[in-house]
Amino acid sequence: MNNSVNFFRTTTILTLCLLVFFVFNPSSVLADEVTSTTETNPEDVETILPPETILASFSGQTITLGEFNQLWEEVPEDYKLQLDKSMVLDQMISEKMLIQEAKNIGLEKDNDVLEQIKKMTEQILVQVLIEREIIDKIKVNDEEVLEYYEQNKESFTEKEQVYLFNILLETEEEAQNVLEQLKAGGDFSEIAKEKSTGPSAAQGGDLGYLTKGTIVPEIEEVVFALEVEELSEIINTDFGFHILKITEKKPETVKTFEEVKEDIIQTLLPNKQKEAFDNLLEELKSKSEIEINEEALK
């Protein structure tokens with residue numbers, strides 16, 4: 001069974017299972033875990049049965065352990081927390097019974113059904129062709145990744161940062177008084193909470209890390225020249241009068257090739273696969289004489 005059909009079948013069975021679970025089992029998984037009294041006996045030894053073991057038989061049909069395990073392995077782990085194996089097996093039995101009933105009433109030969117099967121078959125053929133000829137074959141090699149890295153180093157550069165504290169005041173006179181208090185040993189954060197009019201006052205003037213190029217120029221020029229714990233002079237901007245302090249500096253760094261390699265692959269791969277897909281189409285078209293009735297197309 002190919003991946004496309006398998007995925008469709010697994011999704012259908014899971015949908016049925018979850019529907020039954022949420023309609024008829026309103027209790028949560030957590031509640032089940034809390035109230036469960038089942039304990040694992042450490043002396044129990046797991047019995048490994050061959051895949052051809054019959055797990056269920058009904059109406060002349062069977063489901064083997066191998067068939068069940070194949071489906072169970074495709075169930076996402078998050079779903080397994082909400083389902084149990086007996087529920088999934090029950091839906092597999094239901095599916096087989098529904099298929100048999102469809103055959104009994106002649107749906108295999110129904111024209112509408114045959115047309116839908118044909119369309120689905122064609123879609124699966126195209127999907128598998130793309131998977132095998134494009135997705136499985138087209139990869140990004142290390143040389144391409146390295147070339148992209150070298151040509152785009154700026155985008156992998158983290159600019160210089162400072163951890164900035166700010167006290168904002170409405171007048172220069174107020175700012176001068178606060179600066180004198182700070183120089184006399186006053187606590188910057190406490191004074192900011194008490195007197196700053198800026199939005200960071202409640203946080204003691206804490207503005208966090210700011211990156212070079214993201215601050216208003218008149219402030220940026222000053223703060224990136226400050227030493228750690230050094231107070232700035234009063235800075236006048238359109239917002240008012242500022243007194244600034246930085247507590248940490250981070251120099252400009254460039255992420256290493258290994259740090260960004262996977263990100264680059266995910267950037268390059270879709271374009272490379274699309275290019276291969278376009279080339280495949282062009283090659284196929286070049287081998288055929290395509291005639292289009294333009295008049296009928298209008």
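Student: How many helices and strands are in the protein chain?
Tutor: The model, which is a predicted one, has 12 helices and eight strands in the protein chain.

Student: And what share of the residues counts as buried?
Tutor: Of the 298 residues in the protein chain, 27% are buried. The chain exposes about 21100 Å², with carbon and sulfur atoms supplying 52% of that area.

Student: What about contacts between residues 24 or more positions apart?
Tutor: Counting contacts in the protein chain with a separation of 6 or more, 66% are between residues 24 or more positions apart.

Student: Switching to β1 and β2. How many bridges join them, and are they parallel or antiparallel?
Tutor: Four bridges, and the strands run antiparallel; β1 covers residues 54–58 and β2 residues 61–64. Phe58 has Gln61 in β2 as its bridge partner.

Student: Which residue in that hairpin takes a positive phi?
Tutor: Ser59, with phi near 50°. The hairpin has two residues between its strands.

Student: Now Lys245. Buried or exposed?
Tutor: Lys245 is buried, because its relative accessible area is 14%, under the 20% cut-off. Lys245 sits in strand β7, residues 240–250.

Student: What does Lys245 touch?
Tutor: Leaving out residues up to four places away in sequence, Lys245 touches Tyr163, Leu164, Phe165, Phe188, Glu229, Glu230 and Leu231.

Student: Last one, Pro217. Where is it, and is it buried or exposed?
Tutor: Pro217 is in helix α10, residues 217–223. Pro217 is exposed, with a relative accessible area of 61%.

How values were computed
Residues numbered from 1 in each chain as written. Predicted model: local features only at pLDDT ≥ 70, side-chain atom pairs only at ≥ 80, totals over all residues. Heavy atoms only, no water. Pairing = 2+ DSSP bridges. Buried < 20%, exposed > 50% of the residue type's maximum accessible area, 1.4 Å probe, protein only. Contact = heavy atoms within 4.5 Å. Areas by Shrake-Rupley, 256 points an atom, 1.4 Å probe, with all protein chains shown as cover.
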